[in-house]
Number of protein chains: 2
Amino acid sequence: MAVLDLSVSSIDLTRQLCDIASVSGDEKAVADQIEAVLAASPHLEVVRDGDAIVGRTNLGRSKRVVIAGHIDTVPINGNVPTRFETIDGVDFLWGRGTVDMKAGCAVALTLAVELAEPTVDITWVWYDHEEVSDALNGLGRLARMHPDLLAADFAILMEPSNSSVEGGCNGNLRAEIRTRGLRSHSARSWIGDNAIHRAAPILDRLAAYEAREVEVEGLVYREGLNAVGITGGVAGNVIPDECMVHINYRFAPSRSTYEAVAHIHELFGDFEVEIVDLAQGARPGLDAPLAQEFLAAVGGEAKPKYGWTDVARFAGLGIPAVNYGPGDPLKAHADDERVAVDQITECERGLRAWLTA
Amino acid sequence: MAVLDLSVSSIDLTRQLCDIASVSGDEKAVADQIEAVLAASPHLEVVRDGDAIVGRTNLGRSKRVVIAGHIDTVPINGNVPTRFETIDGVDFLWGRGTVDMKAGCAVALTLAVELAEPTVDITWVWYDHEEVSDALNGLGRLARMHPDLLAADFAILMEPSNSSVEGGCNGNLRAEIRTRGLRSHSARSWIGDNAIHRAAPILDRLAAYEAREVEVEGLVYREGLNAVGITGGVAGNVIPDECMVHINYRFAPSRSTYEAVAHIHELFGDFEVEIVDLAQGARPGLDAPLAQEFLAAVGGEAKPKYGWTDVARFAGLGIPAVNYGPGDPLKAHADDERVAVDQITECERGLRAWLTA
């Protein structure tokens with residue numbers, strides 16, 4: 001087993017972390033490595049829970065910040081080990097995990113070891129099982145089992161955001177909208193009642209839907225309502241008795257889950273509606289004083305985060321939180337996942353500037 | 001292996017035939033039994049091709065009639081062996097194959113052995129693989145390999161028709177209608193193009209479609225155009241880039257396959273259309289003199305057959321053909337498949353009356 005070499009740049013450390021494969025459920029090897037590195041840093045108190053590793057400074061600072069990233073990746077698809085690539089003059093590190101989100105993990109690990117006396121106390125978190133079901137999520141487990149470990153005034157989640165600050169996230173709802181009919185042989189279709197034909201108004205409403213743009217604390221969140229799946233049919237000679245349209249509603253963080261559910265019932269109340277997934281969004285949290293200081297140190301303008309991320313877990317704990325990490329989120333999970341190496345350096349610079357100011 | 005006992009009624013013979021399971025592809029045992037019975041009948045010339053058995057009289061009559069039935073069934077679902085049941089005073093033989101179509105096969109076998117000197121020459125056919133793909137159909141194989149064996153002036157197919165004469169059949173077309181879009185993460189749906197939303201007009205047109213009723217040679221055929229399946233979707237967080245609506249068009253026998261395809265293109269020409277199944281219907285053929293004599297002997301009024309049956313193969317060979325067999329077609333393939341035993345007796349009476357008149 002190779003041992004992580006912390007003497008290199010965070011770019012090269014990203015590569016080391018990616019080349020220890022850690023698809024969700026298989027994070028132990030990389031977690032062991034991170035734990036060993038932290039244990040050798042006398043300024044950190046290290047706690048491990050499963051494959052989540054927490055490293056805390058205890059300097060008695062007036063403020064505490066959580067800086068967290070997940071160490072698992074989606075399945076590898078011929079894209080490990082990593083390699084360096086230059087495309088149109090831009091240098092990339094290519095491979096699974098480079099964007100989502102081992103570059104962020106590497107920046108955090110570099111700074112965790114380096115910064116023995118940051119201006120705020122820091123709780124560094126590397127956690128498991130982010131890419132799979134909510135019930136397995138390592139950050140959720142820490143919040144349930146060791147809420148004291150996550151107590152903080154502000155949190156930074158190192159989700160890919162092109163090394164700029166992205167505040168909050170939209171909420172997320174999925175529902176199954178069903179129509180029912182009556183089976184018959186399709187040679188005598190008038191005896192049956194076609195459930196797929198009955199689904200026509202569902203698609204009409206989705207196609208005609210005009211999604212809102214909602215300003216929340218100065219950031220504009222764009223919503224979306226979409227069919228993400230449709231199924232129906234028994235056989236080529238049978239009138240179908242059921243059709244299901246699977247919809248996904250992304251809603252601004254100013255809308256509660258209750259309001260989101262009510263909106264779906266308002267739109268599709270004349271059909272069977274079953275909510276199958278529901279997560280509150282997170283307000284951007286940029287009005288928190290620490291957030292303002294952070295934003296000033298990092299530079300640039302904050303943007304809204306559209307996708308749901310674990311910042312919503314911090315919001316749920318009452319901790320303002322933002323996304324800030326290297327990598328283009330559009331390349332997360334892609335087979336050609338790759339991070340511009342300059343973004344790794346830029347993210348490291350921004351965080352260091354703030355934590356040492 | 002039990003040997004068929006021909007000394008009993010065609011009701012009891014139906015039961016014997018059903019209790020020799022013969023799901024498509026597994027017809028050998030029942031074919032062996034039928035072949036043995038025919039071989040013991042000196043007035044019949046017997047030819048076997050695979051599991052299709054042909055028995056012919058060669059009396060030098062001026063007319064020849066084919067009387068055919070298939071010996072395979074759809075899969076058994078706990079409904080063999082058969083049993084007798086009385087429901088609301090009606091006596092039924094219950095079980096797989098009783099309707100579709102061993103009752104018809106039993107009537108034919110009873111008469112084939114009994115009628116040494118019918119008024120027309122008869123080509124009796126029991127064939128395999130009707131319930132599966134067109135390429136395997138035993139009647140189709142005979143038509144390709146031994147067209148001389150099927151030469152005739154008229155044909156009767158013993159498909160269940162409540163022991164009344166059902167003329168011709170509707171044509172059958174299946175097509176896949178596709179929409180295309182562009183994938184994106186559903187958190188940024190405006191980057192993508194939702195193929196399921198694009199399918200809304202397809203369902204609208206199907207739901208609004210008014211099917212024709214078309215008179216052909218005195219019988220009214222009811223058409224139908226239906227979605228029989230719909231699929232689309234990649235994952236709960238992805239805007240889908242493809243949606244497919246599987247449609248089934250049943251069209252009157254006066255409409256050619258060319259016209260049927262043109263009609264589908266006319267309706268859905270602004271989408272991708274792929275024809276995946278296409279079969280010409282069959283005109284009722286009741287204007288043939290033999291058909292008129294048959295109808296007079298059997299009694300009752302002819303009706304249109306809505307479902308596609310192998311009468312269309314005879315029509316394709318230029319042989320007028322009708323459906324005539326015991327059993328309610330709505331019970332074909334049903335788990336509670338059952339034939340009213342009176343219909344078996346009635347069908348036998350009708351055929352005997354004509355063949356001995």
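Because the model is predicted, local features need pLDDT of at least 70 and side-chain atom pairs count only at pLDDT 80 or more, while totals for chains, interfaces and linings use all residues. Residues are numbered from 1 along each chain as its sequence is written, chains are lettered from A and ligands numbered from 1 in the order in which they are written, and side-chain values use heavy atoms, with hydrogens and water left out.

Chain A is divided into domain 1 (10-169 + 282-356) and domain 2 (171-279), with bounds that come from an automatic or database domain assignment. The C-alpha centres of domain 1 and domain 2 of chain A lie 35 Å apart. Contact here means heavy atoms within 4.5 Å, and the contact takes 16 residues from domain 1 of chain A and 12 residues from domain 2 of chain A.

The size of an interface is often given as the accessible area lost when the parts come together. Buried area in this passage is the accessible area (1.4 Å probe) that two parts lose on being put together, summed over both. Between domain 1 and domain 2 of chain A it is about 1000 Å², with carbon and sulfur atoms giving 59%. On the side of domain 1 of chain A, R283(A), Y306(A) and W308(A) lose the most area to domain 2 of chain A, together 47% of what that side buries.

A salt bridge is taken as a side-chain nitrogen of Lys or Arg within 4 Å of a carboxyl oxygen of Asp or Glu, and the rule finds one across the interface of domain 1 and domain 2 of chain A. The side chains of E217(A) and R283(A) meet in a salt bridge, at 3.5 Å from N to O. The residues of the side of domain 1 of chain A that touches domain 2 of chain A divide into eight nonpolar, four polar and four charged. In this scheme, Ala, Val, Leu, Ile, Met, Phe, Trp, Tyr, Cys and Pro count as nonpolar, Asp, Glu, Lys and Arg as charged, and the others, Gly among them, as polar.

Attention now turns to the meeting of the two chains. In this interface, 44 residues of chain A are in contact with 44 residues of chain B. The area buried between chain A and chain B is about 3300 Å², of which carbon and sulfur atoms give 61%. In chain A, W190(A), H197(A) and I230(A) lose the most area to chain B, together 19% of what that side buries.

Helices (H or I, at least four residues) and strands (E, at least two) are DSSP runs, numbered from the N terminus. Among the elements of chain A that each supply at least two residues of the side touching chain B are α7 (200-208), β13 (224-233) and β15 (242-251). The most is given by β13(A), with 10 residues. By class, the side of chain A that touches chain B has 22 nonpolar, 16 polar and six charged residues.

Strands of a sheet pair through backbone hydrogen bonds, either parallel or antiparallel. Two strands are said to pair if DSSP finds at least two bridges between them. Five bridges join β13(A) to strand β13 (residues 224-233) of chain B, and these strands run antiparallel. Within this pairing, I230(B) is the bridge partner of G232(A).

Chain A also holds an open sheet of eight strands in the order β1-β2-β6-β3-β7-β18-β8-β17, with mixed pairing. At the edges stand β1 (45-49) and β17 (303-304) of chain A, each with a single partner strand, so one side of each is left without a neighbour in the sheet. Inside the sheet order, three bridges join β7 (residues 154-157) to β18 (residues 321-323) of chain A, which run parallel. The bridge partner of A155(A) in β18(A) is A321(A).

Most residues other than glycine have a negative phi, and most peptide bonds are trans. The peptide bond from V80(A) to P81(A) is cis, with omega near 5°, and P81(A) is found in the loop between β3 (64-70) and β4 (83-87) of chain A. In chain B, the peptide bond from V80(B) to P81(B) is cis, with omega near 0°. D88(A), although not a glycine, has a positive phi of about 50°.
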